[in-house]
Every structure is written in structure tokens, then in C-alpha cells.
Amino acid sequence: MDEEALRSGFERGVKRWPGLRLSFEEFCRHITTLGTGAAAPVGAAPELLPEDVEAVYLCASCAARHDAACRALELHYFAALRPIIGRVDSRQDFVDEVLQRLRVQLFAGEAPKITGFTGRGPFERWLRTIATRIAFRLK
């Protein structure tokens with residue numbers, strides 16, 4: 001992927017998430033580790049940015065262990081997960097436990113799951129899938 005495409009994706013991420021302090025170099029490293037070009041759909045140019053590049057920017061910031069990014073992710077996405085988890089079990093303590101386990105999977109350890117979001121689909125759907133799997137495993 002050329003620098004112009006990377007710069008464009010970075011600027012889109014900065015515009016969507018202005019409070020985060022991810023450097024262009026951190027963003028580039030994250031995109032490179034995703035192998036986004038290699039994982040592009042058949043026939044697509046490898047210079048194409050991920051479909052949800054703004055969410056990839058957020059994930060890169062979370063992966064860089066920036067607390068503000070993790071808080072932004074929770075603030076913007078976790079509320080929508082509550083009713084989805086509630087379909088498995090509507091008890092508040094169950095929903096809270098699933099969200100806590102989701103936090104651990106996304107942000108903790110040497111290989112946090114947040115590093116695996118490629119941007120090839122909507123971030124919301126990716127989060128819903130992980131949360132639903134956790135909920136069914138707990139049930």
C-alpha cells in the first residue's frame with residue numbers, strides 16, 4: 001500500500017476519532033501487520049484501504065494501549081451490545097460479565113483480539129459476533 005493511501009486512511013481515522021493520539025507510524029505498522037493488501041478481495045487492488053478504515057484506526061490506537069482509545073471504543077460501541085447479549089440471557093449481571101470478558105479478550109494479554117480486526121467488514125458486526133460467542137459459551 002502506498003504512502004498516499006495510508007495517509008488518507010490515517011486522516012480519515014483522525015477525523016473520526018479526534019481525541020486519540022495515534023501516530024502515523026503506529027497506524028502504518030498496524031496496517032502492515034494486518035496484511036490488508038494481501039487479504040483484499042479477489043480482483044481488488046492492494047492499494048485499497050480497509051472498508052472500515054476509521055475503525056481500524058481506533059483498533060490500532062487500542063492495540064497501542066492508548067487508554068483514551070479503549071474508553072472511546074467502550075463508549076461508542078458497548079451500549080449497542082447490551083440488548084444483543086440480553087437475547088441470550090437478560091439478567092444484568094450476565095450482560096455485565098459478558099462485557100467484562102469482551103474487554104479482557106479485546107485489550108488484554110500479549111495478543112489482544114483488537115489487533116485482529118482487518119476492516120473488511122463493519123466493526124459493529126465484528127464486535128457483535130465476539131460478544132455473542134462469549135455469551136453462548138457462558139450460558
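These legends go with close-up views of a predicted model.

View 1. Average pLDDT (the predictor's confidence in each residue, from 0 to 100) comes out at 91 for the chain, and 91% of the residues score at least 70. A contact here is heavy atoms within 4.5 Å.

**View 2. Helix H4 against helix H6.** H4 covers residues 67-86 and H6 covers residues 123-138; their axes sit 10 Å apart at an angle of about 50 degrees. Helices are DSSP runs of H or I, at least four residues, numbered from the N terminus. Axes are lines fitted to C-alpha atoms over the stretch in contact, with angles from 0 to 180 degrees between N-to-C directions. The pair is therefore oblique, the term for whatever is left after under 35 degrees (roughly parallel), over 145 (roughly antiparallel) and 65 to 115 (roughly perpendicular).

**View 3. Side by side: who touches whom.** H4 brings Leu-73, Tyr-77, Leu-81, Ile-84 and Ile-85, while H6 answers with a set including Phe-123, Leu-127, Arg-128 and Ala-135.

**View 4. A salt bridge in helix H1.** Arg-7 pairs with Glu-3, with 3.8 Å between the closest N and O atoms. Both lie in H1 (residues 3-16), and being four residues apart puts about one helical turn between them. The whole structure has eight salt bridges, each a side-chain nitrogen of Lys or Arg within 4 Å of a carboxyl oxygen of Asp or Glu.

Residues are numbered from 1 along each chain as its sequence is written. Local features need pLDDT of at least 70, side-chain atom pairs count only at pLDDT 80 or more, totals for chains, interfaces and linings use all residues, and side-chain values use heavy atoms, leaving out hydrogens and water.

Definitions and conventions. Helices (H or I, at least four residues) and strands (E, at least two) are DSSP runs, numbered from the N terminus.
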